[in-house]
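Thanks for coming, everyone. I will go residue by residue.

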Amino acid sequence: QVQLVESGGGLVQPGGSLKLSCAASGSIFLINTMGWYRQAPGKQRELVAAIISGSSPNYADSVKGRFTISRDNAKNTVYLQMNSLKPEDTAVYYCNVGGVVLTTITKFEAWGQGTQVTVSS
């Protein structure tokens, strides 16, 4: 009912930048939360950044000052601008969207397919 399509991952050198995008489509009445998680090999998935309607964004301590989350409500799209990337940022990044389905007026939570970000020289 709700699909997410991610883009923007890739290989970048330490200190470089990448911008991830995640577009939501389908039977969407409204979106409350949009966020990014990541999972490195052998580690649990962790929250990177999230933005809730009407609230300020929140970030993991490890990315504060380097990453910026933003959303375009007209396009149902969330972005993650990643600057000053470090090797420890290497992971698969997943977007997560929560809201209400139009046809049934019930809550939904959807995950993107994941996009690889590799920071290496």
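Leu85 is buried, because its relative accessible area is 2%. Buried means under 20% relative accessible area, exposed means over 50%, and partly exposed is in between, with a 1.4 Å probe and protein chains only. Leu85 lies in the loop between β8 and β9. A word on those labels: helices (H or I, at least four residues) and strands (E, at least two) are DSSP runs, numbered from the N terminus.

Keep in mind that this is a predicted model, where local features need pLDDT of at least 70, side-chain atom pairs count only at pLDDT 80 or more, and totals for chains, interfaces and linings use all residues. Residues are numbered from 1 along each chain as its sequence is written, and side-chain values use heavy atoms, with hydrogens and water left out.

Which residues does Leu85 touch, not counting residues up to four places away in sequence? Among them are Val12, Pro14, Leu18, Arg66, Phe67 and Val119. Contact here means heavy atoms within 4.5 Å. Now look along the chain. Leu85 and Gln13 are 72 residues apart, yet their C-alpha atoms are separated by 7.7 Å.

Ser84 is in the loop between β8 and β9 as well. Ser84 is partly exposed, since its relative accessible area is 42%. Its phi is near 50 degrees, which is a positive value in a residue other than glycine.

Asn76 has a phi near 50 degrees too, again positive and again not in a glycine. Find Asn76 in the loop between β7 (67-72) and β8 (77-82). Asn76 counts as partly exposed, because its relative accessibility is 25%.

Next, a glycine. Where is Gly99 found? It is in strand β9, residues 91-101. Is Gly99 buried or exposed? Gly99 is buried, because its relative accessible area is 4%. Setting aside residues up to four places away in sequence, Gly99 touches Leu30, Ile31, Asn32, Thr106, Lys107 and Phe108. Gly99 and Ile28 are 71 residues apart in sequence, and 7.5 Å apart in space, C-alpha to C-alpha.

Go to the start of the chain. Gln1 lies in the segment before β1 (2-7). Gln1 is exposed, because its relative accessible area is 59%. Leaving aside neighbours within four places in sequence, Gln1 is in contact with Ser25, Gly26, Ser27, Val101 and Thr103. Gln1 and Val101 are 100 residues apart along the chain, and their C-alpha atoms are separated by 7.8 Å.

Ser27 has Gln1 among its contacts, along with Val2, Val100, Val101, Leu102 and Thr103, again leaving aside neighbours within four places. Ser27 sits in the loop between β3 (18-26) and β4 (28-39). Ser27 is buried, because its relative accessible area is 16%.

Now Ser21, in strand β3. Ser21 counts as buried, because its relative accessibility is 19%. Beyond residues up to four places away in sequence, Ser21 touches Val5, Glu6, Ser7, Trp36, Val78 and Tyr79.

Tyr79 comes up again. The charged end of Lys19 sits over the ring of Tyr79, 4.7 Å from its centre. To count, NZ of Lys or CZ of Arg must be within 6 Å of the ring centre and within 35 degrees of the ring normal. Arg45 lies over the face of Trp111, at 4.7 Å from the ring centre.

Pro57 next. Pro57 is found in the loop between β5 (46-52) and β6 (58-59). Pro57 counts as partly exposed, because its relative accessibility is 35%. Leaving aside neighbours within four places in sequence, Pro57 is in contact with Ala50, Ile51 and Ile69. Pro57 and Gly15 are 42 residues apart in sequence and 23 Å apart in space, C-alpha to C-alpha.

Last, the largest pocket. Which residues line it? The lining is Arg38, Gln39, Ala40, Lys43, Gln44, Glu46, Glu88, Thr90 and Ala91. On a 1 Å grid over the protein atoms alone, a pocket is an open set of points where a 1.4 Å probe fits, with protein on both sides within 12 Å along at least five of seven lines, and lining residues have an atom within 4 Å of a point. The lining divides into 2 nonpolar, 3 polar and 4 charged residues.

Notes:
Nonpolar A, V, L, I, M, F, W, Y, C, P; charged D, E, K, R; others polar.
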